[in-house]
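Here's a quick briefing on a ligand and the pocket around it. Have a look at the model first, then read on.

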Amino acid sequence: MPIDPTLPYNDDNIFAKILRGEIPCKKVYEDDSALAFHDINPQAPTHILVIPKGRYVSWDDFSARGSDREIAGFVRAVGLIAREAGYVESGYRLLANVGQDGHQEVPHLHVHIFAGRPLGPMLAR
Ligand code: AMP
């Protein structure tokens, strides 16, 4: 079920539990700003989720309330993860779903990184 991105941050969400170490993840990267791990239900040969460490519901919330330091750190982390994994040459896709029409299911901002095969048109037609 898509979430309502206008609700306040809920510390019970699954990515908050991963950040607190209460449930496991297949970690690929971590720094002060971001944690990245493999999606549990991959939609491409590589499907990584990158989340900020701060308590942000969505891209909308993060872009409005995040500090310049958090935003710069997060954006650089996303780029670094893809670069260091060797995805730049063949290409990759970033996706951040927001709210009902975006079909966001977990109410903690996450950017999907897809790579490893031609990814086709941007949206289902
Ligand atoms: P979204 O629709 O953008 O909110 O995507 C949520 C993503 O989180 C989906 O691709 C799920 O497969 C993924 N996901 C849900 N629970 C976990 C988990 N425990 N570990 C890793 N990925 C998860």
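**The ligand and its pocket**

The ligand has 17 residues around it, and D39, N97, E105, H110 and H112 come nearest (a residue counts if one of its heavy atoms lies within 4 Å). Keep in mind that this is a predicted model: local features need pLDDT of at least 70, side-chain atom pairs count only at pLDDT 80 or more, and totals for chains, interfaces and linings use all residues. Residues are numbered from 1 along each chain as its sequence is written, and side-chain values use heavy atoms, with hydrogens and water left out.

**Polar contacts** (pairs of N or O atoms within 3.5 Å)
- The side chain of H110 has an N or O atom 2.8 Å from an oxygen atom of the ligand.
- H112 also puts a polar side-chain atom 2.8 Å from a ligand oxygen.
- V106 uses its backbone instead, with a polar atom 3.1 Å from an oxygen atom of the ligand.
- On its own the ligand exposes 500 Å², and the protein buries 84% of that (Shrake-Rupley areas with a 1.4 Å probe).

**The shell around the ligand**
- α1 (14-19) gives the largest share of the shell, 3 residues.
- Elements giving two or more residues are α1, β2 (34-38) and β3 (46-52) (DSSP runs, H or I of at least four residues for helices and E of at least two for strands, numbered from the N terminus).
- By type, the shell holds 7 nonpolar, 8 polar and 2 charged residues (Ala, Val, Leu, Ile, Met, Phe, Trp, Tyr, Cys and Pro are nonpolar, Asp, Glu, Lys and Arg charged, and the others, Gly among them, polar).

**The largest pocket**
- The ligand sits in the largest pocket (more than half of its atoms lie within 2 Å of the grid points).
- A pocket here is an open set of points on a 1 Å grid over the protein atoms alone, where a 1.4 Å probe fits, with protein on both sides within 12 Å along at least five of seven lines; lining residues have an atom within 4 Å of a point.
- This pocket holds about 790 Å³ of space (the space filled by probe spheres set on the points, which are joined across faces, edges and corners).
- It is lined by 28 residues, with D39, H47, L49, E105 and H112 closest to its centre.

Methods:
Polar contact = N/O pair within 3.5 Å; in protein donor to acceptor, adjacent residues only side chain to side chain.
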